[in-house]
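Hi there,

Here is the structure I promised to pass on.

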Amino acid sequence: MNPQTEVRVVVIGNGMVGYKFCEKLLAKAKKGSAFRVTVFGEESRVAYDRVHLSEYFAGKTADDLSMAPLNWYQENGIELYLSDPVVDIDRERKQVRSHHGLVVPYDYLVLATGSGAFVPPLEGVEKDGVFVYRTLEDLDLIQSYARKAKKGAVLGGGLLGLEAAKALLDLGLAEAHVVEFAPRLMPRQIDEAGSGILQRKLSSLGLQIHLSKSTQCLLGNETIEGMQFADGSVLDVDMLIISAGIRPRDELAKVAGLETHPRGGILVNNCLQTSDTSIFAIGECALVHQMIYGLVAPGYEMADVVASQLVGESKEFKPYDLSTKLKLIGVDVASFGNPFAQEPDCQTIAYENKAKGIYKRINVSSDGKTLLGGILVGEAEQYNMLLQTCKNQTVLPPNPEDLILGSRGGEEAGAGVMSLPDDALICSCEAITKAQLCHEISENGHTSVDALKKSTKACTGCGGCTPMVKDLIQAVQKQQGVYVRNIICEHFDYTRQELLDLIRINKLKTYNSVLDHFGKGHGCETCKPLVASVLASLWNENVLEQGRAVIQDSNDRFLANIQKGGSYSVVPRIPGGEITPDKLIVIGQVAKRYNLYTKITGGQRIDLFGAHVGDLPYIWEELIAAGFESGHAYGKALRTVKSCVGSTWCRFGVQDSVSFAIELEERYKGVRAPHKFKSGVSGCIRECAEAQSKDFGIIATEKGWNLYVGGNGGSKPQHAQLLAADVDKETCIRLIDRFLMFYIKTADPLTRTATWLNKLEGGMSYLKAVVVDDVLGIVADLEAEMQQLIQMYQCEWKEVVENPELRKRFTHFVNAPEQKDPTLEFAPLRTQVQAKEWK
C-alpha cells in the first residue's frame, strides 16, 4: 500500500492503542505523504493511561494520566471528535457516521474500539452499589459511592480484580474482599505456590480472599446488601466492583458485516486486516492468532504493524510474548515465557520463603542450557534479565539457580545486560531494542532515562524496562571509558562523596556556606536534605540549629515521624530491647495522658502514635525525666540493635548478646548516614535476633563473635556477608567503626548498605581489603572520625526541651502556640485509637 495525496484514515476509538496508532503513523509518514487522520472517541476525555488507572485514587489527576494534551492532536493535524462514537460503517461508500450525525469518508478504517468489562448475568447486577472498573468515569462513581460504604468486594481475582481491590483499600473501606471462582488468585499468570504467597501478602494488607466461590445472585432491594454463593454462604457487602474479565467491543464490526468470532473479537489476519481489506482492527477488539491480547504492549505492536502497512512497509503481527511484571498493592508479581512448564519436559527450580512472602520459580530445558519461563512473586528484581535470557535463548550458567538466588561464590550470575544480542527487545511496549538504545546513548549522547524517553519512547509505557535501561546507560558509558558521575543535582556539580570531602576539608557547617562555596542558584528539595545529611554525618551537631532546620526532611525537622492524619509518632530509645518495669510504667502514663496509640515494634521498642506537634516537647520532657532518649526513628541514622537474651538467660547462649547489643546501640546512637541502618546481636548460631538480615550483625561463637555486614530486610531482602570470624569484642567494634565510616563517606544518597555493597567495585573482597587489611592505609582515620561522631552525641529531644528558641518551633499556630491542630481527628481501634483519613 503506497499512500497518495490526502489519504483519509479514520480511527474509531481513542484509547491507548488508538492514540499510539496515530503517534506511530505520524512518525512513519514519509515526507510528502499526506495522511488526513480523523479520530472518534466515545469518552469525553483524550486518551489516557489505563495501565496505571488505580493511581487515580492515589492522587493522580486525569491530566497526569493523559497520553497527550488536546493541543497535540491539533498541532499534528488530527481531527478529534470526543463524546461522539461511530454508530454506522458504510463499507460500500467507505464512510462512517457518528452519533451526532457527522459523516466522514475513509480510504482506510482502523477499529480500535477496545473492550468492555464482562458482566456475568447475575440476578441483581443492576442494583445500586454495583460497578465496573474500566474508565475514569467508573472511578469517579466508585469514589463517590465509597464515601457511604463500609464493606466492599471485588468479583474477580485476576490482574484487573486485584487492581480494583487496591482501589477499595485506597478508599479506606472498613472491609475489602476479593471473590474468585478459581481455586487461586491470578490463575492465568502464576501457579498454586505463587498464588499462595500472593494471597498471604494481600491478606496481611487487609484484603479478605474468598476462593472457589461461584456467585449466584446479589442480595438487597434497590441497593446491594450482599452476595449469595452456590455453596449457600453469604457475604455481606454494600458495594461491589465487577472485574471478571473483558469482552471485545465488536458490535460495530458485526453490524457492518465484518467477520467476528462467536465468542467475541474481530477476526483479522497477520497484517491485522479484517474481512474487508480496507479495514483494520487493533488492540483488545482484535482476535489474531486465535486469541485476544489484553495487554498494552501487544496493542502497541499492532498499532505499529498497521502504521507500517499504510506507509508501504511490509510488517506482520507475530504471536506476542505475554510476559508481564506488575506491582499489585505493593507486591511484585511477574511471569515470563512458559511459566507452567512441567517435568519431565523441563527441570523446575523453585525458591519459597513464606516468612518474607517471596516465591521464585524458573523452568529450565531438560538439558539445562536454556530458560523456558518462570514466576516471581514478592520480589521481581531479576525479571528483566530473566525475560531477556528466556527470549534470546541465552546459554545458562553452570548453576541455573543462581539466576534467582544470586551467586553464593562471589561471581555474578550471567554477564549482564551487555551480553544480550543487539536485537533483544528491552522495551516491549515501544518495541525498542538494545541496539537502538545503545546507538542513542553512544552516538547521540542521550545518557539519561529522560533523554531516552524523548528520543525513543522507551520507559514511557508500563515502565518495567526502566531498571534495565539505566543499567544499559552505565554499561555503554563504561565501555566507552566514560567515568559515570552521579552528580547531586543542577545546583551541585559533585557526587555525594566529592561534596562530603569538600565540606570536611573546608570545615563547613551550614547549607548556605556549602552553597556559597560549591553550589549555584538557591538549591532544591534534592540537594537540601542531602547536604543536611552530609553535615550531620560529618559533625553530628544539632540538626535544628544554625539554620539547618529548613533543609531537613519533614521527619528530621520535627524529630518525629509524621503519620496518617497529620499526627506524629514518638519512639524512645530502648537499647537492646532491655527495659525496666519503672520505664514501662512511664511510657504507659505518657501514652494515657496524651491519648497515644502504643505498639511494640519489630525492633524491640515501643512506638507511641497520634501526638500533636505541640505536645511533642512535653512528651519528650516526661520521657527524658525517666531516663529515655530519642530513638532517632525519624532520621537516617541507627535505628536499633536487636538482641536475643543470649547467655544471660538462654540455655543455648554462648555469649552475652544483650550487653553487647546495648554497648553497640549506646556507641552508634545518633550517627547519621546516607540511609537508616540497623543491627542485631545473636547469642548463638540459632540467630534469634536475625543478625544476618541487618546492615551489620553479630553472631556469638564459642571463640568470640562473627561479624556480618550488608544485610537487608524490607521489600528486597538480602543476607549479610561475613566480614570477620571469631573476633573478640574490641576487634569487632573497631571493624564496625571502619565499616560504617567507609559506608558513610562513599555511599550514594539514600542507599542502604546492602545496595552499596552490591555496587561496590570488587564487592566483599574489596571491602575486606579496605577495612580489615587496611590496603588504603585509612583505617586509623576511619576510627578517629567515628570516635569524633560518638563524642559529639547529644540527645536532640533534650536539646529542644531545654532550649526555648528551639521549643518555639513545635507549635501548630505560631500566633496561638497553645492551640492544637483542629483538623486532627481520631477514630476508635479496638481498645485504642487510630488516625482518621486525611480529607
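**What I found**

E687 counts as buried, with a relative accessibility of 14% (buried is under 20% relative accessible area, exposed over 50% and partly exposed in between, with a 1.4 Å probe and protein chains only). Before going on: this is a predicted model, where local features need pLDDT of at least 70, side-chain atom pairs count only at pLDDT 80 or more, and totals for chains, interfaces and linings use all residues. Residues are numbered from 1 along each chain as its sequence is written, and side-chain values use heavy atoms, with hydrogens and water left out.

Back to E687: its phi is positive, about 65°, although it is not a glycine. You'll find E687 in the loop between β34 (677-682) and β35 (696-700). (Helices, H or I of at least four residues, and strands, E of at least two, are DSSP runs numbered from the N terminus.)

A431 is another non-glycine residue with a positive phi, near 55°. It sits in the loop between β27 (425-427) and β28 (432-433) and is partly exposed, at 26% relative accessible area.

P344 belongs to the loop between β23 (331-337) and β24 (346-353).

Now for the helices. α11 (residues 434-442) packs against α13 (residues 466-479) at an angle of about 50°, and their axes are 10 Å apart. (Axes are lines fitted to C-alpha atoms, for helices over the stretch in contact; angles run from 0 to 180 degrees between N-to-C directions.) That makes the pair oblique, the word for whatever is left once under 35 degrees is called roughly parallel, over 145 roughly antiparallel and 65 to 115 roughly perpendicular. On the α11 side, K434, L437, C438, I441 and S442 meet V469, L472, I473 and V476 of α13 (contact means heavy atoms within 4.5 Å).

Finally, α16 (residues 527-539): its 13 residues reach 18 Å from first C-alpha to last, close to the 18 Å expected at 1.5 Å a residue (the expected span is 1.5 Å times one less than the number of residues). Of those 13 residues, 12 are buried, so α16 is largely enclosed by the rest of the structure. The buried ones include P529, L535 and W539. Among the elements covering them are α14 (496-506), α15 (511-518), α21 (729-746) and α24 (779-791).

Cheers
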